[in-house]
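These are my notebook entries on a structure that I looked up.

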2 protein chains.
Amino acid sequence: MEKLKEFKEHLKEIAKLDFARWVLYWDQRIYMPPKAQEARAEVYGKLSRMHHEMLVSLKTGEFVEHFNRSEVLKSLNERDRALIHVVTKLYRRRVAIPADLYERFQTTCSKAESGWEKAREKSNFDLFRPYLEEIVDLVRQFADLYGYEENPYDAWLEEFEPGMTTKELKEIIKPLQKNLVPYLKRLKEGSRPNDDFLKGEFSVEKQKELSLRALRAIGYDFDAGRLNTTVHPFQITMGPSDVRVTTRFDPNDLRSSLFLTLHEGGHALYDQGFDSSLYWTPLADGASEGIHESQSRLWENLIGRSLSFWKFFYSQLVEVFPAFKAVPIEDFYRAVNIVEPSLIRVEADEVTYNLHIMLRFELEEALLNGRIEAKQLPELWRDAMDRYLGVIPQNDAQGVLQDVHWSSGYFGYFPSYMLGNLYAAQIFATAKKEIVGLQDKIAAGDLATLREWLREKIHKHGKTYEPKELMERVTGEKLKSDYFIDYITEKYNSIYRI
Amino acid sequence: MEKLKEFKEHLKEIAKLDFARWVLYWDQRIYMPPKAQEARAEVYGKLSRMHHEMLVSLKTGEFVEHFNRSEVLKSLNERDRALIHVVTKLYRRRVAIPADLYERFQTTCSKAESGWEKAREKSNFDLFRPYLEEIVDLVRQFADLYGYEENPYDAWLEEFEPGMTTKELKEIIKPLQKNLVPYLKRLKEGSRPNDDFLKGEFSVEKQKELSLRALRAIGYDFDAGRLNTTVHPFQITMGPSDVRVTTRFDPNDLRSSLFLTLHEGGHALYDQGFDSSLYWTPLADGASEGIHESQSRLWENLIGRSLSFWKFFYSQLVEVFPAFKAVPIEDFYRAVNIVEPSLIRVEADEVTYNLHIMLRFELEEALLNGRIEAKQLPELWRDAMDRYLGVIPQNDAQGVLQDVHWSSGYFGYFPSYMLGNLYAAQIFATAKKEIVGLQDKIAAGDLATLREWLREKIHKHGKTYEPKELMERVTGEKLKSDYFIDYITEKYNSIYRI
């Protein structure tokens, strides 16, 4: 037990460096003056390097070896075993990458991000291609070093969605694709909601007030966080009880800030809900990127875009923007749920979002396996857009160059977004079964019951359970696309009156 | 030369930890949510410890030893010799304190600050006394370890004002005291300016606009900094080209924010003016706390509270607050220069400010030398206030408990405030001699000439010269109180029409 205490102290020292780094990152994204960039990158780089070095140190290695002895492992309680499991995995992955290669990857990605920005500005994929080719090469090398059974893509999926394989992912996607593509065509024949009343000017000050009210409504703890404005909104955990969110304001569209805020707020509720016994360890984290995304999508869409939510929250909207008094709640609800096949993923609605992801998954998996080459991407992108969504980008900026992920070396990340949607639907279906009168509670403004249920079932455990085990524990079955398909069909049949 | 490069790289690594720490500190003071406090203190503590450990490491020691060999030292250029001098001093002071004692001091001060806060809230010195007694004991131990020739107080003065001694300080104070105390009485017989037009409501938004204009006017570089709001304003340098300022707004007094902003802006101009070759070394710092304060006081008072400045800046005030159109500039100028003996140092005007400092210096020097005891402080404070300012605090909160410094273990810091005023007057007198038509330039809105002069003479050198050498280089003589006394007498004779 003495050794376990020492181990946790060691992890705490590592966590401190990590948190320090996040404070710098947050400041960098929000407040840092432009001329400070270069020097700050060096300071941030130092903290990252120190963090990495402590993580892959001999000391960590000795602890990992010790606690993985079966007689030692058996003597631990469930949570501590989970801790050993998570740290062991992380340590072995990180230590598998030689320092030189790791640094080359960092440098390449850093250059590629700038290259991507310029290429996107000029809407010219060829400017980005050489960077991408180098990254794909490195990503393959990493996959070999991480190890995998069937598909090098598995090695990267593991990074973001522990336990998930390419094969399983394809199984999950199949029914989704089979249902969503024709459903999207059906919706076109339905009755498109009117959203004229959402056009106009909406003061940023008032939108901010509305965002704050939305965060208060879902139970975000402002004493352990704050809301800021950024170009690209994000949620960040800078320490135990320091879980911040950002949003952005479009003076011509109040939906944008409101749902972005609810999305990031959903992420934040997860981190604010970790059991304090997990603090300072790698268990104080989401079970996976997909599970984390499920919490943001749940609050953004399954709650935030539901009629029940607006039955209660509409009066708050009217308090901030009195003009909505003249708009029936039902009309407003329909208007924030308009489905529109579009070119840009981050602007996609609930129905089309997953199609954007399938396309990316297909391409990056084929790329990693060498079945396609980088230079084919723009054309393959256009083809897939036509097949899935029936719209075709006229240039690379609106097509293959729209996302930063590949330039950052984030292969295998995109599926998390889709998984988040599916997890959310399945988890919410369970919540509806287990919480009597849930929709009525929501309509009456009681979001606390749902939040506490999520906290109890999901948030407080952090990374203790891998996604599969967590889903079994929470919903009693493994992940299925059915819940999402049912949710979408039922909701949009009603909205589109089909 | 290879060795020198290595040394500078080592210093850069130390500087990175320092800057990271300052980012955390800034966030802590401005944005950090309350519940994050405890964990953040641990993260901050880790960075501080790592910084300290690198500074007193064997590696630093070896460099210090190497570069102090006379044949090596002789081979260096002037700036590098200054660097060795500064690092050697810093290293020897830090290494003189055993790690245990250093930690005890940190912990004691941290507890004492909370103790002081509570004591001040209840306005009860006895609640703070035990902490202060412990701190005084530690401060004496530190003085012995730092070493001194005549007075243990010298060992602490050296921390903030290199090269200054208690004896010299007393010599500087003597004429100041002799002149200011009777002059204050004389002013009472003069004609007190009217400030009725400064009473009223001043929107915080507009005050902020005015603060931004003031910073732009003095040439603060917003691309290498930013302005924030805090309860206790400060200036902070978080990295090369990241020099931020904060201010506070009183809706009933526009003077408060304006002059606080100019004060912190003055500090910031210093740090924004360091030569970039000094970055990442301990030379990228003010020559001393006193010299640093001279730059803030110069912009706050000698410029900001001068008639020339208002001749140019008044139109900007009127643009933000049109009501002032009806007030003659001269009346406004006189109103922002009202002299009023008061109980609180931070609210003191130019004439009385130094008297507050003399009192603190007297007490802390006597305390450190054991000529008085902590328990006598409240009474001695009241006596001195009566002698110097003719006002007597009715309670401890407005008297001996008003400043945080002693609870933070900052003995020997107060004189910096006074020295700042004196340095500023002497430097400005030189500027007037060297820059033809300086007052006319200022009145015409040309603050750049003065700023560039200060940059050339003072800012760009950072900590290269100790205060005495710097003053000789800039003004051609050593520090004298005369310039300040002359400045005050001339200015206030005119304002008070005596």
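**Entry 1: one histidine**

I began with His66(B), which, leaving aside its neighbours within four places in sequence, is in contact with Lys3(B) and Val72(B); contact means heavy atoms within 4.5 Å. I noted that the model is predicted, so that local features need pLDDT of at least 70, side-chain atom pairs count only at pLDDT 80 or more, and totals for chains, interfaces and linings use all residues. Residues are numbered from 1 along each chain as its sequence is written, chains are lettered from A and ligands numbered from 1 in the order in which they are written, and side-chain values use heavy atoms, with hydrogens and water left out.

I found His66(B) in helix α3 (residues 58–67) of chain B. Helices (H or I, at least four residues) and strands (E, at least two) are DSSP runs, numbered from the N terminus. Is His66(B) buried or exposed? His66(B) counts as buried, because its relative accessibility is 19%; buried means under 20% relative accessible area, exposed over 50%, and partly exposed in between (1.4 Å probe, protein chains only).

**Entry 2: the interface of the two chains**

I next looked up how chain B and chain A meet. The contact takes 36 residues from chain B and 36 residues from chain A. Between them the two chains bury about 2,900 Å², 62% of it on carbon and sulfur atoms. Buried area is the accessible area (1.4 Å probe) that two parts lose on being put together, summed over both. Tyr31(B), Lys35(B) and Lys46(B) supply 19% of the area that chain B buries against chain A, more than any other three residues.

I then turned to the charged pairs. Across the interface of chain B and chain A the rule finds 12 salt bridges, a salt bridge being a side-chain nitrogen of Lys or Arg within 4 Å of a carboxyl oxygen of Asp or Glu. Side chains of opposite charge can pair when their charged atoms come close. I recorded one salt bridge between Asp242(A) and Arg40(B), at 3.3 Å from N to O.

I also recorded 13 residue pairs in polar contact between chain B and chain A, with both residues at pLDDT 80 or more. A polar contact is a pair of N or O atoms within 3.5 Å; within protein, one must be able to donate a hydrogen and the other to accept it, and residues adjacent in sequence count only if both atoms are side-chain atoms.

Which elements give two or more residues to the side of chain B that touches chain A? They are α1 (2–30), α2 (37–55) and β3 (242–247) of chain B. The largest share, 10 residues, comes from α1(B). By class, this side of chain B has 20 nonpolar, 2 polar and 14 charged residues. Ala, Val, Leu, Ile, Met, Phe, Trp, Tyr, Cys and Pro count as nonpolar, Asp, Glu, Lys and Arg as charged, and the others, Gly among them, as polar.

**Entry 3: symmetry**

I superposed the copies by least squares on the C-alpha atoms of residues with pLDDT of at least 70 in both. A rotation of 179° with 0.0 Å of shift along its axis places chain B on chain A, with an RMSD of 0.0 Å. The two copies are thus related as by a two-fold rotation axis. I noted that 100% of the interface residues of chain B are also interface residues in chain A, so the copies meet through the same surface.

**Entry 4: a covered helix**

I looked up helix α8 (residues 152–160) of chain A and found 8 of its 9 residues buried. Among them are Tyr153(A), Trp156(A), Leu157(A) and Phe160(A). At the start of α8(A), a side-chain oxygen of Asn151(A) reaches to within 2.9 Å of the backbone nitrogen of Tyr153(A).

**Entry 5: salt bridges within the chains**

Over all chains, the count comes to 85 salt bridges. I recorded one between Arg473(A) and Glu78(A), at 3.8 Å from N to O. This pair links distant parts of the chain, 395 residues apart: Arg473(A) lies in helix α20 (residues 467–475) of chain A and Glu78(A) in helix α5 (residues 78–96) of chain A.

I set beside this pair the salt bridge of Glu209(A) and Arg213(A), whose closest N and O atoms are 2.7 Å apart. The two are separated by about one helical turn, because they stand 4 residues apart in helix α10 (residues 204–218) of chain A. Glu209(A) is partly exposed at 29% relative accessible area, whereas Arg213(A) is buried at 17%.
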